[in-house]
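This note sets out points for a colleague who is looking over the model. Please read them alongside the sequence and the coordinates.

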Amino acid sequence: MKQTFTRLGLVSGLMMATALPVLAQDDPVAAAQANIDAYSGIPEFTAPGEPFDARACMEGKSILTVPASSAIPFVKTIADHKDALAESLGFEHAQWENQGNPTQWIQGIEYAGNNGFDLVSLLAGADPRFFEPQVKAAQEKGVKVVTSHLTGLELDAPAGVDANTAIDYKQAGKLMADWTIAQTGAKTNALIIVSNEALSTDSLTDGLTEAFAKCPDCAYEIVNVPIVDWATRIQPTVQGKLQANPDINYVIPIYDSMSTFVTPAIAISGKRDSVKVATFNGTPFVLDLIREGTVEMDIGENLDWIAHAMLDAEMRLLCGMEPIVDSKVPLRVFSADNIDEVGNPAEASKGYGDAYVPGYRALWMLDE
Amino acid sequence: MHKSDLSYQLERFGLVIVWLAFIALFGAMRPDTFLTWSNFSTIFGSEAVLVIVTLGLVIPLTAGDFDLSIAQILTLVSMTVAILDARMDLPLALALPIGLAIGALVGLINGAITLYFRVHSLIVTLGVGTFLHGITLWIGNSQTISGVSPMLMEWVIIQRVLGVPIAFYYAIGLAVAIWYMLSYTAFGQQLLFTGRGREVGRLTGVAVDRVRLTAFVLSGTLGAFAGILYTGTTGSANPSSGTFLLLPAFAAAFLGATCIKPGRFNPWGSVIAVYFLVTGINGLSVLGFRTFVQDLFYGGALVLAVMISQVVSGRKDRGL
C-alpha cells in the first residue's frame, strides 16, 4: 500500500513537474514573471571562455579603443575602465578621443595603422559600416579591427571586422515586453519607440516582438525616431499617439535616454497614472527617475563589467584564441523594489554585485 | 494704404486660414481624437519653450541681428539650474534668478563683441553659442542631470488653466509684452528703425548701438527663461537637446513674418507659426503617419507658406 502511494506520489510529482513549464508557457503572465525574476537579482559571473595568462601573452601588445563618442558618459566610462585594466595588466591601451563624428573614427583607425597598434576596438557604436575601406586598409597593415558592444548576438560581424563581441540585446527586448505583460496581466498596449539606424535596435525589436507574440491580448505599435530627432520628435510623437490611442498603457523607449522626452509627453497628456515607462540601458539619471516614480522599470548593464568583458575578448583575439561572440555581460532589471541598491544619486556600476572582479582575475590567471 | 485691400488681408491671415483648414482636415479624418480639448491642450501646452525661443529671436531679428547662441543659452541655463537645484541643493528662488542673469550676461557679451569689434552677429553668436555648449558639457560632465525639484515641474507643466499646462500662458504673456513693446513703445519703434536701416536710424537720432545691445540682452534673457521652462518640462537637463530647437525656432520666426504684419518679424505671427507647425505634426501623428512625413510637412509648409505669401502680395521685394 505504502509502495502504491509512493508510486502515485512520484507519478503525480512527475506529472506536475512536466505540466508546470507547460502551464507557464500557456500563461503569458507566469512566463513573463519568471523571466523578470531570473534577471532581478544580483547577477552571477559566467566565464566567456577558458582561462589564459593575460599578462604574459599581452606583453608588448597594444590596443587602441575608438569610442562611439567621448562625450557620451556610458561609452567614455567603459573606455576609461579599459585604460585602468590594461595598465594593471601591463600593456599599452589608448583611447581615440572624439565627439561621435565618423571622420574622427576614421582618423583613429588610420592613427592605429600608422603607429603600430595591434588591435583597434570600435566601442559601443563606432559603426565600421561608415568606413569599410579604412577597416580593410588597417587590416592589411596587420591591425586587427573588432567591434565591441555594438550588435546583438544574432548579427554577424559588420563590415568585415575580425571579431564582434556582442550583448544579449534580444533578451533585453524580451525583458521590456515581459515586464509590461506581467504588470498588466497580459493586457499590454504599448507604444515602442526605436531608432532604426543603431545596430542594436534590430535585436531589441526582435526580442520585444517575440515576447509579445506569446501574449494574444497584447497590442503594440513601433515608431521610429532617428537619434538626431530625439529632442524635437519624441515628445510630439508620443503625445499624438497617446491621443490617437487612449488604451496605451505602456511607452517603451528602447534606449533609456529617450525617457527625457517621453515622461513630459505623458505628463502633458495628463496620463501619468495610466501610462507607465519601461526601458533599457541603466543610465544613472533614468535610474533616478525610477526613484522619483516617473519611470517604472529600467534594464541595466554594469559598465565596469562591460570593460572587463570587452578587454577579455580583445586580448583573446591577440593571444591567438577563438574570438568571443557572447560577452556574457549580464542584464539586471531595476524597479522600485531594488532601486536602493544603485546609490542615490545612481552610480553607473553600482547594483550589480562584484562577482565579475574575482571571476576575471581568475580567468586571466592574475592570482597565480 | 493697404488696410482695405483684400489681398493684403488675405496675406495677413493666410497662415491662420491654412492653419484652420488643417484643423478642419485632421478633424474630419479623426474627429474622435483630434477634435478633443485634451488634444488641443496637448498641442498648446507642449511647445511653450519653442514659442519663447522664437520670441527671443524676433527681437534681434527686428533690429537686423541674428542670435544663433539662443539655443545654447537655453541649454546652459537649463543645465545650470538643474545642477544648482538638484546637485547643490540651492533653492529655486536663487537658482532661477542666477539662470536669468547668465542669459542676460551672454546677451551682453554677444552685443559687446558685435558692436565694439564690428563683427557680424551671425559669426559672433555662432562662436559664442559653440563656446557655451562646451561649458554646458563641461559643467554637466556630458551627463543628463535629473532630480530637479518637483516644484519647478509643478509650475511649468503640472498646473493647468482650462486644461492647458501653465507654460503656455507664460509664452502668451510674453507674446503680449513683446507685441506691446514693438507696437507702442519708443524702444520698439527704435528697434524697427534700426533693423530697417541703421544709417537712417542713426541720422534720425536713434542710439543704434544701445538699441542693438538691448536687443541681444533681451534675447539672451528670453533664451534663459526658455531654458528654465525646458528644465521644468522634462524635470532634468540634457547637455544637447536644446540645440535642436534652433532651426525650428528660426523656421517659425521667418514663417511668422509672412502673416499678421507681413514683411516684419512679429510676435503673433511667430506664435501662430509655431502652433501651425505643431498642429500639423500632431495631426500627422494622430493619423498614424511615420515620422519622416513630419519632416516633409515641416519643410514643405515653410517653403509653401513663404511662396504663397509672395504670390498673394504680388511678388514684391521684401528685404527679409
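1. Of the 368 residues of chain A, 52% count as buried, a residue being buried if 20 or more other C-beta atoms lie within 10 Å of its own, exposed if 12 or fewer, and partly exposed in between, with C-beta atoms placed from the backbone. This is a predicted model, in which local features need pLDDT of at least 70 and side-chain atom pairs count only at pLDDT 80 or more, while totals for chains, interfaces and linings use all residues. Residues are numbered from 1 along each chain as its sequence is written, and chains are lettered from A and ligands numbered from 1 in the order in which they are written.

2. On overall form, chain A contains 13 helices and 11 strands, where helices (H or I, at least four residues) and strands (E, at least two) are DSSP runs numbered from the N terminus. The radius of gyration of chain A is 23 Å, close to the 21 Å that the globule rule gives for 368 residues, so chain A is as compact as a globular protein of that length; the radius is taken over C-alpha atoms, and the rule is 2.2 Å times the number of residues to the power 0.38. Along its principal axes, the C-alpha trace of chain A spans about 70 × 65 × 40 Å. Among contacts in chain A with a separation of 6 or more, 75% are between residues 24 or more positions apart, a contact meaning that the C-beta atoms of two residues, placed from the backbone, lie within 7 Å.

3. Chain A is assigned domain 1 (54–167 + 302–330 + 354–363) and domain 2 (170–300), with bounds that come from an automatic or database domain assignment. The centres of these two domains of chain A, taken over C-alpha atoms, are separated by 30 Å. Their contact takes 9 residues from domain 1 of chain A and 6 residues from domain 2 of chain A. On the domain 1 side, the largest share, 3 residues, comes from strand β4 (residues 144–152) of chain A.

4. Strand β6 (residues 189–194) of chain A is mostly covered, with 5 of its 6 residues buried. β6(A) pairs with β7(A) in the parallel sense over 6 bridges, two strands being counted as paired if DSSP finds at least two bridges between them, and A:A190 has A:Y220 in β7(A) as its bridge partner. β6(A) also runs parallel to β8(A), to which 4 bridges join it, with A:I252 in β8(A) as the bridge partner of A:I192. Strand β8 (residues 250–253) of chain A is covered on both faces, A:Y250 and A:I252 being buried on one side and A:V251 and A:P253 on the other. β8(A) pairs in the parallel sense with strand β9 (residues 276–281) of chain A over 2 bridges, and A:V251 stands opposite A:V277 in β9(A).

5. Where the chains meet, 31 residues of chain A are in contact with 35 residues of chain B. β7 (219–224), α9 (230–244), α10 (259–268) and α11 (284–292) of chain A each supply at least two residues of the side of chain A that touches chain B, and α9(A) gives the most, with 11 residues.

6. The largest nonpolar core has 198 residues, and those with the most contacts inside it are A:V120, A:L123, A:M176, B:I52, B:V53, B:L229 and B:A253; such a core is a set of buried Ala, Val, Leu, Ile, Met, Phe, Trp, Tyr and Cys residues joined through C-beta atoms within 7 Å. Helix α11 (residues 208–234) of chain B gives the most to this core, with 14 residues. Not counting residues up to four places away in sequence, B:L229 touches B:A48, B:V49, B:I52, B:V156, B:A167 and B:Y170.

7. A cis peptide bond, with omega about 0°, joins A:N344 and A:P345, and A:P345 lies in the loop between β11 (332–334) and α13 (356–363) of chain A. Phi of B:R118, a residue other than glycine, is positive, near 55°, and B:R118 is exposed, with 7 other C-beta atoms within 10 Å. Phi of B:I260 is also positive, near 65°, but B:I260 is buried, with 21 other C-beta atoms within 10 Å; B:I260 lies in the loop between α12 (246–256) and α13 (267–286) of chain B.
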